[in-house]
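I open this notebook to record what I looked up in one protein structure. The entries follow the order in which I consulted it.

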Amino acid sequence: MQVMGVHRLNHAVLFVRDVNRSVAFYRDVLGFRPIAMTPDGFKGAAFMQAPDSTNDHDLGLFEIGEGAGPSPAGRSTVGLYHLAWEVDTLDELERIAGKLVEAGALVGSSDHGTTKSLYGKDPDGLEFEVVWLIPADLLDPAALDARKRIRPLDLGREKQRYGATTRAGWGSPFPRNVTP
């Protein structure tokens, strides 16, 4: 059987009520940059790139109007729960936590053992995650075992343990030759 050789998610497309409001949120809170690539004559769309991304764009936003109801996904229908973006350091995760609090958009945080996560909601209530991954060379049995439960995130403790500016694992906390 042939498999699809996927390396990462390239971009996501979201339906939003007000494209300008969504652009302002992703720009001002998460630092995404608007990319001038909307086709001529096409209204109500925007494309954005994350600050350190090498993708052509990371988000496509398509306006469907203020009358659109909230997504019932996960409550009464199947659908996407959230997207997750990686950050490079715990200092950056802490900075983003502050921006999310300031915007009233932080809805939770969790320690998943090998990943340290913040959860936010955009102006349309679409949830996303911002995550820092423990680098493979710093993984230990305690972190691997902690993947079996979700604990509250203590950023101060994690910065003390791993370092505030330690670069995150890339894509996966496991080297390709190690089975998790």
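**Entry 1: the whole chain**

What percentage of the 180 residues in the protein is buried? I found that buried residues account for 39% of them. I note at the outset that this is a predicted model, and I read each value below with that in mind.

I next looked up the secondary structure. The protein contains 4 helices and 8 strands. Read from the N terminus, the order of the elements is β-α-β-β-β-β-α-β-β-β-α-α. The radius of gyration is 18 Å, close to the 16 Å that the globule rule gives for 180 residues, so the protein is as compact as a globular protein of that length. I also recorded the extent of the C-alpha trace, which spans about 55 × 45 × 35 Å along the principal axes.

I then turned to contacts across the sequence. Of the contacts with a separation of 6 or more, 61% are between residues 24 or more positions apart.

**Entry 2: surface and charge**

I looked up the accessible surface, which comes to about 10900 Å². Carbon and sulfur atoms hold 54% of this surface.

How many positive and negative side chains does the protein have? I counted 20 positive and 24 negative ones, and the centres of the two sets are 4 Å apart.

**Entry 3: aromatic rings**

A pair of aromatic rings is described by the distance of the centres and the angle of the planes. I found 9 aromatic pairs in the protein. One of them joins Tyr26 and Trp85, with 6.3 Å from centre to centre and 80° between the planes, and it is edge-to-face. The angle decides the class here, because planes over 60 degrees apart count as edge-to-face.

Tyr26 belongs to helix 1 (residues 19-28) and Trp85 to strand 5 (residues 83-86), so the pair ties together parts that are 59 residues apart in sequence. I checked the burial of the two residues and found both Tyr26 and Trp85 buried. I also found that they belong to one aromatic cluster, formed by Phe25, Tyr26, Phe32, Trp85 and Phe128.

**Entry 4: Val16**

I located Val16 in strand 1 (residues 12-16). Is Val16 buried or exposed? Its relative accessible area is 1%, so Val16 is buried; the cut-off for buried is under 20%.

Ile64 is 48 residues from Val16 in sequence, yet the two C-alpha atoms are 6.0 Å apart in space. Leaving aside neighbours within four places in sequence, I listed the contacts of Val16 as Ser22, Leu61, Phe62, Glu63, Ile64, Gly65 and Asp124.

**Entry 5: Pro34**

I placed Pro34 in strand 2 (residues 33-35). With a relative accessible area of 48%, Pro34 is partly exposed. Pro34 and Ala50 are 16 residues apart in sequence, and 9.2 Å separates their C-alpha atoms. Beyond its neighbours within four places in sequence, Pro34 is in contact with Val23, Phe47 and Met48.

**Entry 6: Asp111**

In which strand does Asp111 lie? I found Asp111 in strand 6 (residues 106-111). Its relative accessibility is 1%, and Asp111 therefore counts as buried. The C-alpha atoms of Asp111 and Tyr162 are 14 Å apart, and the two residues are 51 residues apart along the chain.

Which residues is Asp111 in contact with, leaving aside its neighbours within four places in sequence? I recorded Lys116, Arg149, Ile150, Arg151, Pro152, Leu153, Arg157 and Glu158.

**Entry 7: Thr166**

Thr166 is partly exposed, with a relative accessible area of 22%. Along the chain Thr166 and Asp91 are 75 residues apart, while their C-alpha atoms are separated by 8.9 Å. Setting aside neighbours within four places in sequence, I found Thr166 in contact with Asp88, Thr89, Trp132, Pro135 and Leu138.

Definitions and conventions:
Residues numbered from 1 in each chain as written. Predicted model: local features only at pLDDT ≥ 70, side-chain atom pairs only at ≥ 80, totals over all residues. Heavy atoms only, no water. Helix = DSSP H or I, 4+ residues; strand = E, 2+ residues; numbered from the N terminus. Rg over C-alpha atoms; globule rule 2.2 N^0.38 Å. Buried < 20%, exposed > 50% of the residue type's maximum accessible area, 1.4 Å probe, protein only. Contact = heavy atoms within 4.5 Å. Areas by Shrake-Rupley, 256 points an atom, 1.4 Å probe, with all protein chains shown as cover. Lys, Arg positive; Asp, Glu negative; His and termini not counted. Charge placed at Lys NZ, Arg CZ, Asp CG, Glu CD. Phe/Tyr/Trp six-rings, centres within 6.5 Å; stacked < 30°, edge-to-face > 60°.
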